[in-house]
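Have the sequence and the 3D view open side by side while you read.

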Amino acid sequence: MRADDVDLPLAPLPSGRHGLPREEVVRSQRIRLLRAAVEVAGAEGYAGMTVSAVIARASVSRKTFYELYADREDCFVAAYDFVIERGLRQLGAALTDDAPWSARMRDGLEWALAALAAHPCEARVAFVEVYAAGPRALERRDRFAGQLALLVAEGAAAAPAGVTVPSSTPRAVVGALSELIGMRIRHGLVERLPDLLPDLLYCALAPFLGPVGAIEAAAGGLRSLAAGGRGG
Amino acid sequence: MASDGTTDVLEDDAVHAPALARETQRDRLLHGMAATVSRRGYAGTPVAEVLRAAGVSRRTFYEQFADKEDCFLAAYDAVLGVCTERMIAAYHAGETWERGLALAYGALLGTLAAEPEFAHLAIVDVLAAGPRALARREATLRRFARFIDFTRERAELVARPPTLVGQAIVGGIHELIYSQLVRDRAARLPELTDELLHYTFMLLGVSRPAG
């Protein structure tokens with residue numbers, strides 16, 4: 001899927017002879033279906049994400065749906081991938097490569113919490129409904145957690161001298177953050193996620209830097225945020 | 001609190017033995033549910049398959065349970081009950097709170113390793129079993145977080161972590177158990193004990209890492 005896909009307009013193409021090449025039409029239909037799936041699953045849950053609801057929202061025929069996806073599970077998995085790929089791409093853009101690890105964690109979390117609060121349907125798909133959509137969705141979620149763990153794993157090098165961080169710690173941090181975020185989404189508190197930044201930052205840093213180091217790094221980072229600074 | 005290691009040995013024997021009885025027809029149905037759902041997922045588990053795995057009649061099933069969900073929740077409660085009981089007993093066998101927590105983690109991981117199908121049901125399949133199962137799961141995580149908070153009251157802290165740190169510890173532990181279970185590596189869960197302790201102590205704000 002191309003990076004600019006997400007900016008395609010949601011409106012259906014004009015019917016009849018519009019002169020667009022076939023592949024453009026299919027691409028537009030696919031994007032509309034994925035966005036519709038995110039909106040329906042985000043509002044009604046995976047259980048309420050029927051093919052009828054998705055095609056109605058996307059203004060795409062049932063026949064077209066089944067040309068593109070085997071069933072609703074297949075469509076959900078594609079929609080999940082769509083949300084996650086876009087999220088990881090934007091997360092990468094929000095991070096400064098040469099910033100210290102703790103500053104990258106702060107910037108990444110700050111971006112993620114704001115993005116989730118601004119996109120509640122995507123948030124629910126990524127952190128709640130993915131668990132309900134069957135084994136393939138669970139595999140994707142597992143892979144996504146592994147990708148996030150790689151970003152967190154850079155922290156092992158930031159640990160104080162003499163402390164060896166177990167290799168499973170990055171994955172534990174990802175699990176902790178996703179549980180804390182998922183629980184708030186399930187309770188309808190998605191808009192308040194950005195308030196959690198200091199606490200989640202502590203939870204991300206402490207397993208590597210230790211409690212005191214995490215509090216200092218988090219406080220320093222938040223001071224520079226308050227001052228409008230983006231450095232470490 | 002035995003300091004000669006007797007308690008540890010007893011605990012080890014206890015946590016590595018199968019945890020759940022198979023005596024009654026109800027027990028057999030719970031085992032049948034765990035065996036089936038851990039292989040086929042919740043949505044892919046028909047009651048007929050549970051009956052076959054349990055060797056129990058449909059009539060008996062419906063004398064015991066209202067429906068598939070009811071049976072699933074009973075299996076969930078059964079394995080969680082055993083885990084909780086063993087964790088509390090193990091914790092109290094520790095001469096210090098750190099040792100108690102280590103024993104409690106060992107008891108949890110050992111119990112799950114000894115009952116891989118129930119472990120899969122309680123950690124993985126519960127996520128797909130509907131709103132009542134999710135509510136059950138959330139209550140469990142909250143209870144475990146309170147257990148962590150309780151042990152924290154006995155700790156000498158070098159820092160004051162945020163109040164949600166108990167939830168973060170439970171979330172992290174859950175993730176590590178989950179990622180072993182989806183890879184069918186339940187037998188390796190007990191190897192995680194030290195890593196879970198390190199993670200816990202660093203987040204709790206205890207001066208020294210686990211050892």
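Over residues 1–10 of chain A, pLDDT stays under 50; pLDDT is the predictor's confidence in each residue, from 0 to 100. For that stretch the model has nine contacts beyond four places in sequence, where a contact means that two C-beta atoms, placed from the backbone, lie within 7 Å. At residues 225–232 of chain A, pLDDT also stays under 50, and the model has seven such contacts there. Where pLDDT is low, the predicted coordinates should not be read in detail.

A quick word on the ground rules. This is a predicted model, in which local features need pLDDT of at least 70, side-chain atom pairs count only at pLDDT 80 or more, and totals for chains, interfaces and linings use all residues. Residues are numbered from 1 along each chain as its sequence is written, while chains are lettered from A and ligands numbered from 1 in the order in which they are written.

Overall, chain A averages a pLDDT of 87, and 87% of its residues score at least 70. Helix H2 (residues 51–58) of chain A has the highest confidence at 98, and helix H9 (residues 197–226) of chain A the lowest, at a mean of 81.

So what is chain A built from? It has nine helices and zero strands; helices (H or I, at least four residues) and strands (E, at least two) are DSSP runs, numbered from the N terminus. Of the 232 residues in chain A, 42% are buried. Buried means 20 or more other C-beta atoms within 10 Å of a residue's own, exposed means 12 or fewer, and partly exposed is in between, with C-beta atoms placed from the backbone. Take the contacts in chain A between residues at least 6 apart in sequence: 67% of them join residues at least 24 apart.

Most residues other than glycine have a negative phi.

Are they buried or exposed? Ser59(A) is partly exposed because it has 15 other C-beta atoms within 10 Å, and Asp184(B) is exposed because it has 11.

Next, the domains. An automatic or database assignment gives chain A domain 1 (3–74) and domain 2 (77–226). Their contact takes 15 residues from domain 1 of chain A and 17 residues from domain 2 of chain A. On the domain 1 side, H1(A) gives the largest share, seven residues.

Between the chains, 28 residues of chain B are in contact with 28 residues of chain A. H9(B) gives the most to chain B's side, with nine residues.

Finally, look inside. The largest nonpolar core has 134 residues, and Ala37(A), Phe76(A), Ala79(A), Leu205(A) and Ala75(B) have the most contacts inside it. Such a core is a set of buried Ala, Val, Leu, Ile, Met, Phe, Trp, Tyr and Cys residues joined through C-beta atoms within 7 Å. H9(A) supplies the largest share of this core, 13 residues. Domain 1 and domain 2 of chain A both give residues to this core, so it lies between them. Not counting residues up to four places away in sequence, Leu205(A) touches Ser102(A), Met105(A), Ala214(A), Ala217(A) and Ala218(A).
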